[in-house]
Amino acid sequence: MTNTQFQTIEDIRAIEVPWSGESMRQYQAVPHMTLIDNIKEELDRRNIGIVKETYKTARDGQQLYGSFLTDMNVDEEMSAAIHFTNSYDKTKRLEIRSGAIIKVCTNGMMRMSPTTATSRKHVGAINIELAF
């Protein structure tokens, strides 16, 4: 992740979505906000709250890396989390991973243990289906 920067949700909204090909065989951009909104809607539908949102972008907003720490605590040292990636420059697949965030030590270091992962190329009819 070269030149990554932390971003606010307002910064993510301001990133221009590139043109997508008309043919289903061509690249289809999935707007970063569509991905974020769909994940939030699914969490809300399941009555899962978001405790912390983190967004990073690279390549002038062409790549998105985000995570949601949820209010689903397994115990004092472990919480459920969602991590996702997306790109407009064809360098990353749309990926959504859910798992447990485990605090490793008091300096705040975390370890993600994925339990569910979804990955999708940006071709064909893009329909974000969340299953976690």
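**Note on a predicted fold and its aromatic core**

1. Arg 59 is partly exposed, with a relative accessible area of 42%. Buried here means under 20% relative accessible area, exposed means over 50%, and partly exposed lies in between (1.4 Å probe, protein chains only). Arg 59 sits in the loop between β2 (50-58) and β3. Its phi is near 55°, a positive value in a residue other than glycine.

2. On provenance: this is a predicted model, in which local features need pLDDT of at least 70 and side-chain atom pairs count only at pLDDT 80 or more, while totals for chains, interfaces and linings use all residues. Residues are numbered from 1 along each chain as its sequence is written, and side-chain values use heavy atoms, with hydrogens and water left out.

3. The mean pLDDT (the predictor's confidence in each residue, from 0 to 100) is 80 for the protein chain. Of its residues, 71% reach 70 or more. Strand β6 (residues 110-120) has the lowest mean among the elements, at 56. Helix α2 has the highest, at 95.

4. The protein chain has two helices and six strands. These are DSSP runs numbered from the N terminus: helices are H or I with at least four residues, strands are E with at least two. From the N terminus on, the order is β-α-α-β-β-β-β-β.

5. Chain totals next. The protein chain has 132 residues, and 35% of them count as buried. Its accessible surface comes to about 8300 Å², by the Shrake-Rupley method with a 1.4 Å probe; for residues, only the protein chains shown count as cover. Carbon and sulfur atoms hold 48% of that surface. Take the contacts (heavy atoms within 4.5 Å) with a separation of 6 or more: residues 24 or more positions apart account for 49% of them.

6. Which residues have the most contacts inside the largest nonpolar core? They are Ile 36, Ile 39, Tyr 55, Phe 68 and Phe 84, in a core of 20 residues. Such a core is a set of buried Ala, Val, Leu, Ile, Met, Phe, Trp, Tyr and Cys residues joined through side-chain atoms within 4.5 Å. The elements that give two or more residues to this core are α1 (9-13), α2 (32-45), β3, β4 and β5 (94-103). Helix α2 supplies the largest share, five residues.

7. The structure holds three aromatic pairs. Rings of Phe, Tyr and Trp (its six-membered ring) pair if their centres lie within 6.5 Å; planes under 30 degrees apart are stacked, over 60 edge-to-face, the rest tilted. The rings of Phe 68 and Phe 84 have centres 5.1 Å apart and planes at 55°, so this pair is tilted. The pair links distant parts of the chain, 16 residues apart: Phe 68 is in strand β3 (residues 63-75) and Phe 84 in strand β4 (residues 78-87). Phe 68 is buried at 0% relative accessible area; Phe 84 is buried too, at 0%. Ring pairs link Tyr 55, Phe 68 and Phe 84 into a cluster.

8. Thr 85 is in strand β4 and is buried, with a relative accessible area of 8%. The backbone oxygen of Arg 93 lies 3.3 Å from a polar atom of the Thr 85 side chain. Not counting residues up to four places away in sequence, Thr 85 touches Leu 35, Leu 64, Tyr 65, Arg 93, Leu 94 and Glu 95. Thr 85 and Gly 66 are 19 residues apart in sequence and 6.4 Å apart in space, C-alpha to C-alpha.

9. Ser 79 also belongs to strand β4. It is buried at 14% relative accessible area. Its side chain makes a polar contact with that of Asn 73, at 2.5 Å. A polar contact is a pair of N or O atoms within 3.5 Å; within protein, one must be able to donate a hydrogen and the other to accept it, and residues adjacent in sequence count only if both atoms are side-chain atoms. Beyond four places in sequence, the residues that Ser 79 touches include Leu 69, Met 72, Gly 99 and Ile 101.

10. Lys 56, in strand β2, is partly exposed at 23% relative accessible area. Lys 56 and Thr 8 are 48 residues apart in sequence but 8.6 Å apart in space, C-alpha to C-alpha. Lys 90 lies in the loop between β4 and β5 and is exposed, at 61%. Its phi is near 65°, a positive value in a residue other than glycine.
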